[in-house]
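Me: Could you give me a close look at one helix and what surrounds it? I am new to this structure, so please start with any term I will need.

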Amino acid sequence: MTELSLHGGISVHRIGAMILRYWYLLMSSWPRLLELLYWPALQVITWGFLQLYIAENANFFARAGGTLIGAVILWDILFRGQLGFSISFLEEMWARNIGNLMMSPLRPIEFLLSLMVMSLIRLAIGVIPMTLLALFLFHFNVYALGLPLIAFFCNLIFTSWSVGIFVSGLVLRNGLGAESIVWTLMFAILPLACVYYPVNVLPLWLQHVAWALPPTYVFEGMRALLIEQTVRTDLMLSALAINAVLLVVSFGAFLALLRSARKHGSLLSSGE
Amino acid sequence: MTENDKASSRPTVAERSPSVAITVDHLVKVYKQTRAVDDISFSLPRGSITGLLGGNGAGKTTTIAMIMGLVLPTSGRVQVLGHRMPEESAAVLGRMNFESPYVDMPMRLTVRQNLTVFGKLYAVKHLAGRIAELADDLDLDEFIDRANGKLSAGQKTRVALAKALINRPELLLLDEPTASLDPDTADWVRAHLERYRKENNATILLASHNMLEVERLCDRVIIMKRGRIEDDDTPEAIMARYNRTTLEEVFLDVARGRVNGAKEAAR
């Protein structure tokens, strides 16, 4: 066998095979490609005009130019990152292909790594045109955020993968009856992550919950950068530490749910 | 785990023997209140082709799923190609393959794309050549660049068989391999399986409702009912024991609880 393996027996060959599978799938359907572009574009246009309107009528927002549209773009990285991960996983459930994969030499960690790569590819297809639209229509250049943008992006994508891994495990264990969780769980985070408003708006007890979520640090960091022109490295490091814990916990939960699916025979009946 | 437990979980010499492909030892699977598989044991020598017979709910699919590692047994153990399943599955999954009506090939990928993906997953060397060989063997050329979802049932079965053979498996597990096929295609699939077994000394375990298929293909039959093994022998010996001329008649005897009467009459 000539496959290229990393430490721990992870095979780049098999991860590549899965990415190829999703690439074939993506390229076989222009409506799916269009959908990747459609929603982010719609979001940025709607919120961009709202930001223009508020900026004309409110002094604070005129000063804090870009916080709304910046929040929309960063929220989309979080949301689309998770969807990009989960939709590739759901494709296997819809196609009743999960048994073929679980019976192949593909390991769970390789499967998850291929889903992570696909979430990046799908995200790039949807979000890069979105950022260009923001630039040309509203003169908001997200790339001007510079290095902090990389920290924002990494923290958001790590959170999106953690959520994606966990909900994929739930669907594996409970079948497609649990599919709605894939589409809705991230919206439970939306009010708590303080995407569009600062954390101190929340009641004190809820602020503790908000600070347990890595995206809260990212959106606070973004507002600090846009309003006060301050780079909050401390916030980014805190988010990174929580993300590391979340990734380990979600992977552990995925393995436990996979084992439970094997115990209950769910891999043979992956329907509703 | 005590020393005794460790000793009992260690494979015996027979299980590690290169001549044994599958060992199933006191296997039990309980789903809530249902005993889907109830304390069954058998071992299959390499190069054999064995039919798992039984009505709906007899436990055939659950047994095969436990051998594949897709379902965890409640108790008992499974040894495949000298490795314990599912604990050591990484050592054997590349050497075995399966086909089942419970799974599909992705519908929107073409046949060639599907075979390419699975070939890469199984680290098949000279993959393009292997796909061309399978396309030739299984008559896939005509539709190899067509999406799987646009194929007829017979064509899909041939593609599923090509996927099952892509890695030249030493062990092939087949669940209803000819279900929903017309007699001509079913006969063609059977002929191909026979040829593959002979040429590669492969071990095949197949679950089927098709008694003629089992009579023609299998050198051994295991009959299951309500999760237990009712009989286990060559097709000829079983038919003789039940005083019947076809396995279908034996199957009806077992399914309708006429086992003792038939055996008695045979005596």
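Reply: Gladly! A crossing of two helices is left-handed if the near helix is turned anticlockwise from the far one by less than a right angle, and right-handed if clockwise. What you see is a predicted model, where local features need pLDDT of at least 70 and side-chain atom pairs count only at pLDDT 80 or more, while totals for chains, interfaces and linings use all residues. Residues are numbered from 1 along each chain as its sequence is written, and chains are lettered from A and ligands numbered from 1 in the order in which they are written.

The helix to look at is H1(A), residues 12-27 (helices are DSSP runs of H or I with at least four residues, numbered from the N terminus). Let us begin with its partner in chain A, helix H6(A), which covers residues 108-138. The two pack at an angle of about 45°, with their axes 9 Å apart (axes are lines fitted to C-alpha atoms over the stretch in contact, and angles run from 0 to 180 degrees between N-to-C directions). The crossing of H1(A) and H6(A) is right-handed. From H1(A), Arg14(A), Ile15(A), Met18(A), Ile19(A) and Tyr22(A) take part; from H6(A), they are met by Glu110(A), Phe111(A), Leu113(A), Ser114(A), Val117(A) and Met118(A). Contact here is a matter of C-beta atoms, placed from the backbone, lying within 7 Å.

H1(A) also faces the other chain. The contact between the chains takes 29 residues from chain A and 27 residues from chain B. On the side of chain A that touches chain B, H1(A), H5(A) (98-102) and H11(A) (233-264) are the elements that give two or more residues. H1(A) provides the largest share of that side, with 8 residues.

Across in chain B, follow helix H5(B), residues 111-121. H1 of chain A is part of what covers the buried residues of H5(B), together with H6(B) (127-137) and H7(B) (153-165). H5(B) is mostly covered, with 10 of its 11 residues buried (20 or more other C-beta atoms within 10 Å; 12 or fewer is exposed, and in between is partly exposed). Those buried residues include Val111(B), Leu115(B), Phe118(B) and Leu121(B). Just after H5(B), Ala123(B) takes a positive phi of about 55°.

Finally, back in H6(A), you will find Leu137(A). Leu137(A) counts as partly exposed because 14 C-beta neighbours lie inside 10 Å. Leaving aside residues up to four places away in sequence, Leu137(A) touches Ile45(A) and Gly48(A).

Definitions and conventions:
Contact = placed C-beta atoms within 7 Å.
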